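Here is a brief report for a reader new to this structure. Please look over the sequence and the model before reading on.

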Amino acid sequence: MKLAAHLYYPGCLALERKRAAATALAAWQRPAGMRIRPPGRRWKPSEDRILLRLGDPARAAVDLDRTARSCAVRLWRLRTGLVALPPHEPDTPEEL
């Protein structure tokens with residue numbers, strides 16, 4: 001809302017439909033009963049490694065206490081390079 005007020009200040013040069021949208025946005029107030037969404041849980045490198053090792057979103061969802069959909073999207077992002085792969089950490093004492 002602050003951004004709209006900054007961009008569409010009184011007397012600015014703007015399209016009327018844009019000015020109307022900014023005015024409507026500035027007048028919006030959160031309804032009393034509307035819940036505020038809690039922040040999402042961040043993915044940890046250790047969770048990424050588990051997900052990549054298992055390769056199965058449904059199985060990983062159980063182990064990571066996440067939804068299968070969340071795991072599927074994260075796995076896709078890791079595999080396509082949209083998210084950096086986690087640094088390698090040794091899984092066994094022999095790798096140390």
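The report covers charged pairs and a nonpolar core.

## Salt bridges

This is a predicted model. Across the whole structure, a search finds five salt bridges.

One of them joins arginine 19 to glutamate 16, with the closest N and O atoms 3.6 Å apart. The two residues are separated by about one helical turn, because they lie three residues apart in helix 2 (residues 16–27). Arginine 19 is partly exposed, at 25% relative accessible area. Glutamate 16 is exposed, at 55%.

Another salt bridge pairs aspartate 48 with arginine 74 at 2.9 Å, N to O. This pair links distant parts of the chain: aspartate 48 sits in helix 3 and arginine 74 in helix 5, 26 residues apart. Both aspartate 48 and arginine 74 are buried.

## Around glutamate 47

Glutamate 47 belongs to helix 3 (residues 45–54). Its relative accessible area is 10%, so glutamate 47 counts as buried.

The side chain of glutamate 47 forms a salt bridge with arginine 41 (3.2 Å, N to O). Arginine 41 is partly exposed, at 44% relative accessibility. A polar contact of 3.2 Å also joins the side chains of glutamate 47 and arginine 66. Arg41, Glu47 and Arg66 are linked in a network of salt bridges.

## The nonpolar core

The largest nonpolar core has nine residues, including Trp43, Leu51, Leu64 and Cys71. Helix 4 (57–64) and helix 5 (68–80) are the elements that give two or more residues to this core.

Beyond its neighbours within four places in sequence, leucine 64 is in contact with residues including Trp43, Leu51, Cys71 and Glu47.

How values were computed:
Residues are numbered from 1 along each chain as its sequence is written. This is a predicted model: local features need pLDDT of at least 70, side-chain atom pairs count only at pLDDT 80 or more; totals for chains, interfaces and linings use all residues. Side-chain values use heavy atoms; hydrogens and water are left out. Helices (H or I, at least four residues) and strands (E, at least two) are DSSP runs, numbered from the N terminus. A polar contact is a pair of N or O atoms within 3.5 Å; within protein, one must be able to donate a hydrogen and the other to accept it, and residues adjacent in sequence count only if both atoms are side-chain atoms. A nonpolar core is a set of buried Ala, Val, Leu, Ile, Met, Phe, Trp, Tyr and Cys residues joined through side-chain atoms within 4.5 Å. Buried means under 20% relative accessible area, exposed over 50%, partly exposed in between (1.4 Å probe, protein chains only). Contact means heavy atoms within 4.5 Å. A salt bridge is a side-chain nitrogen of Lys or Arg within 4 Å of a carboxyl oxygen of Asp or Glu.
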